[in-house]
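Please read these points with the coordinates open beside the text.

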Amino acid sequence: MSAPPRLPPGRSGLPFVGEWFQILFNPRFGAERRAEFGPVSRTRLFNRDMALLAGPENNLLLFRGEHKFVEATWPASTLKLLGPNTLSTQEGELHLRRRRLLAQAFRPKALLGYLPLMESRIAAALDRWLERGELALYPEIRALTFEIAAALMMGARERTDPALVHDFETFAAGLFTIPADLPLTAFGRAKRARRRLIAHLHAAIDARLRSGKAGEDVLGLLLAARDEDGSALGREELAEQMLVLLFAGHETLTSGLTNFCMLMAQHPEAYARVCAEVERVTPRGPLTVEALGRLADTERALAETLRLQPPVAAAFRKCTRTFEVAGFTVPAGWLTGYRIRDTHRDGALFEEPGRFDPDRFAVFEETCPHGRVHAHAHEGRYLPFGGGARICLGMEFARLEMRAFAALLARRCALTLAPDQDLTMKQVPVPRPRSGLVTRLSPRG
Ligand code: HEM
C-alpha cells in the first residue's frame, strides 16, 4: 500500500467563505502564513482548498507548470463578462497560438508607432493639470490611460466619448461581483455595458475594414495579424480580445503611474535625479524610444515603484494535475497561485523591503544576464508582470507608456502633495492612496 499523500499544513477558516476576507484584505496574510507554516501551506477559499506557495523557486515552479499542471482560473462573474474567447480565459495550445498572434501588436516596431500618440495625450493632460494647479491625480491618470488605450485600440479620436468611459467603468465594476444578471445588480449592469462596448468595438472594426487601410495602431495591427497557418482573428473574437486588452492594461497602468507620482513627491532626491537625467538625455522635442531607453535612473525609479506597490498583487491558478512541491502533495482540483507582493516584500530577496530605493536595481542589473531588471521575472524574485507562459502581454507597452509619462512629467512639473490627506493604500482592485493623491502641480523652474 502506498503512503497517503502528505498535504501541506494550514488552516481552513470559516465555513463556506474559508479565509477569503483575510486573503483579500490583509496585505500581510501571505507573510504571516509563511512565518507560521513555511513556504508551502494550505488555506480554504469558498469551499476550495488552496495551496499557498512562497519563494522564488515555487514561483518558477508555477511558471513552468502553466498548461502542464496548472491553468488560469477566474471567479464566475469575471469568466462570464470576459467571455471564453480571450487570452486570459483560453488554455493550452490555443492560448499559446493566440498569444503569438496578439503579440504582433506589441513588438518593438509597433511600439515605436504608438509613442507619438502616447506623448501627445500625456502632454495635453499635463497642460490641463498644470492649469488646474491642485487636483486628485488618481482619477485623472485613470482617464488618461483609458484615453490612450481607447485611441490605440478603438481608433477613438480626440477626447474619449464620456458614454464609452462610463460603459467601461460599469463593465469593470462588475468583474468581481456575484453573477446575478438582474436590472439593478452590478453584474447585470456590467453585462449590458459589455454588450455596448462590444458593439462599439465591432463598429470600429467595420469602419476600419471599410476604409481599406488597416492602420498602424493596435486595432490595425491586429486586423492584419496572421496565425502560423495564415488565418486571422474573426470579428467576434477580435472584439473580445480587444476588450480584455483594455481591461488588463487599465487599472494596472493607472496604479503604477499614480504610485510613481506619490513616491516621487515623497522622495524629492529621487525625483531630482529623474529630472536631471531627463534634462541631460531628452530635454525637449519629440520623445524617441531610443532616448527613453537611455533613462536609467528613471527606469529604476519606475521599477522600484512596481516592486513596492505591484499593481497585480497575486495571480490565481487551478491545479489540473496533482503535483509535488517541497515534499508536499498538491492534489488536482485545488487552487494555488503565485504572490507578487509577498515576493517583492521578502526580506531575504530585498534588503529593507519596505524602503523605496531605486538604486537597488543598479545591483540587480549587474547580476542580471540581460542587464534588464525585468529579466528577473525569470529568477522568480521580481515579477510585477508575472512570468512564464502568461507573462504580461502588454509589458513593453506599459513600460513605454510609464517612461513617456515620467519623462514628460519630469520635463515640466514640480510635485507637492497636499497636506492632511489619507495616503494609506487601498489594495483592491489595485493599490493606490485612499485620498486619490491630491497633488499640487507647478511648472518646474
Ligand atoms: C497579464 C501585470 C499592463 C495586457 C498580466 C499579468 C500580470 C500583469 C502580473 C499576469 C497575470 C497572471 O499570471 O495570471 C501588469 C502590470 C501592468 C500591465 C503591472 C502595468 C504596469 C498591461 C497592459 C496590457 C496588458 C498595458 C495591454 C495593453 C495583459 C494581458 C495579460 C496580462 C492580455 C494576460 C496574458 C495571458 O494570459 O497570456 N499583466 N500588466 N497588461 N496583461 Fe498585464
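1. In which loop is the place of Pro429? Pro429 sits in the loop between strand E10 (425-426) and strand E11 (432-433), and the peptide bond from Val428 to Pro429 is cis, with omega near 0°. The helix and strand names used here follow DSSP runs (H or I of at least four residues for helices, E of at least two for strands), numbered from the N terminus.

2. On the basis of the note: this is a predicted model, in which local features need pLDDT of at least 70 and side-chain atom pairs count only at pLDDT 80 or more, while totals for chains, interfaces and linings use all residues. Residues are numbered from 1 along each chain as its sequence is written, and side-chain values use heavy atoms, with hydrogens and water left out.

3. His67 belongs to the loop between helix H3 (56-65) and strand E3 (70-72).

4. Cys392 itself is found in the loop between helix H16 (360-367) and helix H17 (395-412).

5. Strand E1 (residues 40-45) and strand E2 (residues 48-53) run antiparallel and are joined by 6 bridges; two strands are said to pair if DSSP finds at least two bridges between them. Within this pairing Thr43 stands opposite Met50 in E2. The two strands form a hairpin with 2 residues between them, and Phe46 in the turn has a positive phi of about 45°.

6. An open sheet of 3 strands has the order E4-E12-E9, with antiparallel pairing. Its edge strands are E4 (134-136) and E9 (413-417), each of which pairs on one side only, and neighbouring strands are turned by 35° against each other on average, direction ignored. Angles in this note run from 0 to 180 degrees between N-to-C directions, and axes are lines fitted to C-alpha atoms, for helices over the stretch in contact.

7. In that sheet, 5 bridges join E9 to strand E12 (residues 438-443), with Ala414 having Ser442 as its bridge partner in E12 and Cys413 having Pro443. On the other pairing, E4 and E12 are antiparallel over 3 bridges, and Ala136 stands opposite Val438 in E12.

8. Which helix packs on the sheet, touching E4 and E12? Helix H7 (residues 137-154) does so, and its direction makes about 70° with that of E4; contact means heavy atoms within 4.5 Å.

9. The axes of helix H6 (residues 108-132) and H7 come within 10 Å and cross at roughly 155°. H6 and H7 are therefore roughly antiparallel to each other, given that angles under 35 degrees count as roughly parallel, over 145 as roughly antiparallel, 65 to 115 as roughly perpendicular and the rest as oblique. Residues meeting across this pair include Leu117 and Ala125 in H6, and Ile141 and Leu144 in H7. The residues of the contact divide into 12 nonpolar, no polar and 5 charged, where Ala, Val, Leu, Ile, Met, Phe, Trp, Tyr, Cys and Pro count as nonpolar, Asp, Glu, Lys and Arg as charged, and the others, Gly among them, as polar.

10. H6 also packs with H17, at an angle of about 40° and with the axes 9 Å apart; H6 and H17 are therefore oblique to each other. Among the residues that meet are Leu115, Met118 and Leu126 in H6, and Phe397, Leu400 and Phe405 in H17. By class, the contact of H6 with H17 has 15 nonpolar, no polar and 6 charged residues.

11. Finally, helix H14 (residues 296-308) and H17 have axes that come within 10 Å and cross at roughly 120°, which makes H14 oblique to H17. Thr298, Glu299, Leu302 and Leu306 in H14 meet Arg399, Met402, Arg403 and Ala406 in H17, and this contact comprises 4 nonpolar, 1 polar and 3 charged residues.
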